[in-house]
Amino acid sequence: MTTHTHHHATPAEYAPEHPARLQWAQLAPDVYKAMVRLDVAARKGVDPALLELVKIRASQLNRCAFCLDMHSKDALAAGESVERIIQLSAWEESQHFYTEKELAAIRLTEAVTVLTDGFVPDEVYAKAAEHFEETELAQLIAAITVINAWNRFGVTTRLTPGHYTPGDVKH
């Protein structure tokens, strides 16, 4: 019987890292600073652990590699489990990993993020309204909107993931 060893690529064997298309934050510093202020304002009163799940889920849907790198690392640094982060992309099949409140926020995140599907359905909004009082819900909607804006900057300018360390300036 032969045993197989798993081969892990060394960095030299990885595909080359691409540079960002555009350093938008340096080129539009007033917009970047306004986005940071908006992010801080949107975060107010929202549970930080829930916020990271929302940011990761939106970033998965938008395929923003830079924000996925940042928010997965931030979530891990804040004590989130690897398992819950991994399962987030298949949350409908692994709902038992999350609370009802988190699931309501994840559903709302998907509805707000994928507006091309139409609009935010009444039942998704109603479920979120059951779990969040109005002020917190308003802040959550703001936080979802802000991560979607960050994702759009990151995806369009192809910001390079992999260099973020928790504790750096973050969004």
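User: In this predicted model, what separates lysine 73 and aspartate 69 in helix α4?

Analyst: This is a predicted model, and in it the side chains of lysine 73 and aspartate 69 form a salt bridge, with the closest N and O atoms 3.0 Å apart. The two residues sit in helix α4, which covers residues 65-77. Because lysine 73 and aspartate 69 are four residues apart in that helix, what separates them is about one helical turn.

User: Which helices hold glutamate 102 and arginine 84?

Analyst: The side chains of glutamate 102 and arginine 84 meet in a salt bridge, at 2.8 Å from N to O. This pair links distant parts of the chain, 18 residues apart. Glutamate 102 lies in helix α6 and arginine 84 in helix α5.

User: What is the relative accessibility of arginine 84?

Analyst: Glutamate 102 is buried, with a relative accessible area of 11%. Arginine 84 also counts as buried, a class that needs a value under 20%. For arginine 84 the value is 15%.

User: Where do glutamate 130 and lysine 127 lie?

Analyst: Glutamate 130 forms a salt bridge with lysine 127, with 3.8 Å between the closest N and O atoms. Glutamate 130 counts as exposed at 56% relative accessibility, while lysine 127 counts as partly exposed at 31%. The two are three residues apart, about one turn of the helix, and both lie in helix α7.

User: How many salt bridges does the structure hold?

Analyst: Side chains of opposite charge can pair when their charged atoms come close. Some of these contacts join up: Asp39, Arg43 and Lys55 are linked in a network of salt bridges. The number of salt bridges in the structure is eight.

User: How many aromatic pairs are there?

Analyst: A pair of aromatic rings is described by the distance of the centres and the angle of the planes. Rings count as a pair if their centres lie within 6.5 Å. By this rule, the number of aromatic pairs is five.

User: What kind of aromatic pair do tryptophan 24 and tryptophan 150 form?

Analyst: The ring centres of tryptophan 24 and tryptophan 150 are 6.2 Å apart, with 55 degrees between the planes. An angle under 30 degrees would count as stacked and one over 60 as edge-to-face. The pair formed by tryptophan 24 and tryptophan 150 is tilted.

User: How many residues apart in sequence are the parts that tryptophan 24 and tryptophan 150 tie together?

Analyst: Tryptophan 24 is buried, and so is tryptophan 150. Tryptophan 24 lies in helix α1 (residues 24-27) and tryptophan 150 in helix α8 (residues 134-157). The pair therefore ties together parts whose separation in sequence is 126 residues.

User: What kind of aromatic pair do tryptophan 24 and phenylalanine 153 form?

Analyst: Tryptophan 24 is in helix α1 and phenylalanine 153 in helix α8, so this pair ties together parts that are 129 residues apart in sequence. The ring centres lie 3.7 Å apart, with 5 degrees between the planes. Since planes under 30 degrees apart count as stacked, the pair of tryptophan 24 and phenylalanine 153 is stacked.

User: Which residues do ring pairs link into a cluster?

Analyst: Tryptophan 24 is buried, with a relative accessible area of 6%. Phenylalanine 153 counts as partly exposed, at 25% relative accessibility. The cluster linked by ring pairs is made of Trp24, Tyr32, Trp150 and Phe153.

User: How far apart are the end C-alpha atoms of residues 29-110?

Analyst: UniProt, in an unreviewed entry, lists residues 29-110 as "domain: Carboxymuconolactone decarboxylase-like". In the model this span is 73% helix and 0% strand. Its end C-alpha atoms are separated by 29 Å.

Conventions
Residues are numbered from 1 along each chain as its sequence is written. This is a predicted model: local features need pLDDT of at least 70, side-chain atom pairs count only at pLDDT 80 or more; totals for chains, interfaces and linings use all residues. Side-chain values use heavy atoms; hydrogens and water are left out. Rings of Phe, Tyr and Trp (its six-membered ring) pair if their centres lie within 6.5 Å; planes under 30 degrees apart count as stacked, over 60 as edge-to-face and the rest as tilted. Buried means under 20% relative accessible area, exposed over 50%, partly exposed in between (1.4 Å probe, protein chains only). UniProt positions are given in the numbering used here, feature names are shortened, and annotations may be inferred rather than shown by experiment. A salt bridge is a side-chain nitrogen of Lys or Arg within 4 Å of a carboxyl oxygen of Asp or Glu.
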